[in-house]
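Q: I am new to this structure. Please show me how to read its features, one at a time.

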Amino acid sequence: MTTEKPARSTVDEAGPAVSLDGVSKIFPVRGGGETVALQDIGLAIAPTEFVSLIGPSGCGKSTLLRVIGDLIEPSSGTVMVNGKPAQRARADRDYGMVFQAPVLFEWRTVEANVRLPLEVMGLDRGQRDGRVREMLDLVELGGFGSHYPHQLSGGMQQRVAIARALAFQPALLLMDEPFGALDEMTRERLNTEVLGIWSRTGTTIIFVTHSIPEAVFLSTRVVVMSARPGRITNVIDIDLPQPRNEQTRESDRYFELVTEVRESLRGRVAASPARARAEGGIG
Amino acid sequence: MSAAGSLGNVAPGRLAWGRSLGAAVRQYLPATVVLMVGLVVWELATAGPGRRVLPAPSVIASAFGEEADLLRRAGTATFIEALGGLILGTGLGVLVAFATARWVTAREVLVPIAIASSAIPLIAVAPILNNWFGVLNPMSKMAMAALLVFFPVMINVTRGLVEVQPAALELMRSYATSDWQVLFKVRVPNMLPFFFTALKIGTTLAFIGAIVAEYFGGTSDVLGRVVITSMSSGSFDVAWAGILLGAAGAILSYLAVAVAERLIIPWYAAMLSGGRT
């Protein structure tokens with residue numbers, strides 16, 4: 001599937017999918033002063049990796065994702081995506097994005113929503129229709145193409161959003177707490193589904209989450225962040241075997257890694273009661 | 001998951017139409033019954049001679065027959081004035097809304113002025129408009145109607161263009177789209193429900209504007225003049241017929257807008273009725 005996309009040259013494949021060097025983001029605060037949302041972030045992500053960004057509220061993980069997607073400009077540092085500056089990568093449509101809300105357009109049917117990026121990018125009708133069908137099958141919504149978003153459940157809407165993000169076959173998928181608003185059962189099912197999509201398409205995925213079990217189950221690496229200032233405090237390799245399934249969630253190694261991530265988060269957050277509360281909501 | 005649910009075979013638009021037909025009958029049946037009973041009571045209460053200030057429904061109905069020619073001419077003239085005003089006011093409102101949505105400077109300048117101008121008792125402007133455009137010129141009545149229509153259209157369309165989910169704009173930015181694509185793929189579709197809401201309000205306002213402007217003088221074969229002259233000559237039945245004709249014009253225009261809304265944005269009614277919860 002990925003071979004169909006000519007934009008992904010072999011040169012790009014060789015280097016990291018994403019590399020961040022000395023990235024900082026400072027927001028001015030109303031009434032003077034400033035917030036250091038990101039401080040000196042350095043991170044390299046190889047192609048086909050599945051990396052989760054986890055941390056308490058306000059640690060800048062969503063900001064970091066938007067910096068990678070060139071939706072927010074960093075105050076300093078360099079951001080390279082597919083070996084290009086982030087701005088260039090966005091112009092080349094090198095990544096797809098999934099938000100916490102599905103952000104589907106209610107005036108478009110499911111099909112038309114998935115077709116949107118293809119329309120914008122000027123694919124011809126034949127190509128578009130084929131791709132839309134393929135994507136809806138990928139997220140197992142083949143029979144729902146002519147439905148409107150309001151006729152679908154929250155989990156189904158988010159699957160449409162994933163289909164839309166993958167419709168133009170980007171090499172990189174950025175996901176900002178995509179399952180944060182869903183119930184636990186739906187979330188676990190979609191986690192398995194995302195892993196299936198990831199292994200079938202070979203897409204590099206960067207996944208922002210509040211949930212420790214989710215991060216451990218999905219990722220090849222978990223990046224632990226802390227707040228004020230937002231920075232990376234630990235990077236944990238997740239060496240659980242692939243493909244992952246329900247047995248993975250019950251394995252001893254899984255629990256060890258969940259504990260490791262939790263302790264890593266706690267190392268930075270236990271001091272303040274407010275932050276401890278924030279962590280209490282995790283997992 | 002099974003591919004198609006029970007909804008899978010029916011186009012959502014058609015589904016909404018089919019459902020709304022039965023629902024509409026159920027919904028409007030009580031109001032229709034009460035209206036009929038009310039008319040009967042009115043008829044009985046105003047039976048007999050001397051009840052000219054509030055004539056019986058049957059008397060008003062017969063006035064439609066007796067003065068059919070006058071009422072047809074007056075109704076047509078007023079309808080054209082209202083329609084012209086509606087088109088003018090809507091067109092202007094949409095234009096200004098696009099400008100304010102597109103350029104921040106335009107927004108900063110025009111919106112406060114528009115809001116301040118909405119405080120003007122517009123009806124008091126009617127004699128001035130008669131003076132400007134000529135009291136016999138239908139344009140003077142259209143201008144009044146247009147003034148009343150302009151404000152709600154402009155405010156609603158601006159809101160529809162501007163009040164877009166921030167994430168939707170981020171999504172479009174991630175596709176590296178042009179401003180035009182954002183306008184036509186996101187802002188305009190988002191605006192359409194707001195536009196139709198404003199247009200529905202506008203239909204009623206257009207008739208009010210046209211008829212009020214007619215009260216301040218002009219040609220005699222218009223609904224406003226028919227009402228005033230028949231009242232002064234004591235023909236209250238004809239006056240009431242004129243008023244009802246004006247109401248009918250406003251209701252018909254409203255329904256036309258509602259039908260257009262159903263055809264152009266069928267997803268909206270389906271969404272409001274909650275196709276699935």
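Q: Is A:E246 buried or exposed, and why?

A: This is a predicted model. A:E246 has 8 within 10 Å, so A:E246 is exposed.

Q: In which helix does A:E246 lie?

A: A:E246 belongs to helix α9 of chain A, residues 246–250.

Q: How far apart are A:E246 and A:T259 in sequence and in space?

A: In sequence, 13 residues separate A:E246 from A:T259. In space, C-alpha to C-alpha, A:E246 and A:T259 are 18 Å apart.

Q: Now the helices. How is a packed pair described?

A: Two packed helices are described by the angle between their axes and by the distance between the axes. Take α3 (residues 68–102) and α6 (residues 138–162) of chain B. Their axes come within 5 Å and cross at roughly 35°. The crossing of α3(B) past α6(B) is right-handed. Residues of this contact comprise 24 nonpolar, seven polar and two charged.

Q: How many residues of chain A are in contact with chain B?

A: The size of an interface is often given as the accessible area lost when the parts come together. Here we count residues instead. On chain A, 24 residues are in contact with 26 residues of chain B. Helices α3 (86–91) and α4 (110–120) of chain A each supply at least two residues of that side of chain A. α4(A) gives the most, with three residues.

Q: How do the residues on that side of chain A divide?

A: The side of chain A that touches chain B has 13 nonpolar, seven polar and four charged residues.

Notes
Residues numbered from 1 in each chain as written. Chains lettered and ligands numbered in written order. Predicted model: local features only at pLDDT ≥ 70, side-chain atom pairs only at ≥ 80, totals over all residues. Contact = placed C-beta atoms within 7 Å. Helix = DSSP H or I, 4+ residues; strand = E, 2+ residues; numbered from the N terminus. Nonpolar A, V, L, I, M, F, W, Y, C, P; charged D, E, K, R; others polar. Axes fitted to C-alpha atoms, helices over the stretch in contact; angles between N-to-C directions. Left-handed = near helix turned anticlockwise from the far one by under 90°. Buried ≥ 20, exposed ≤ 12 C-beta atoms within 10 Å, placed from the backbone.
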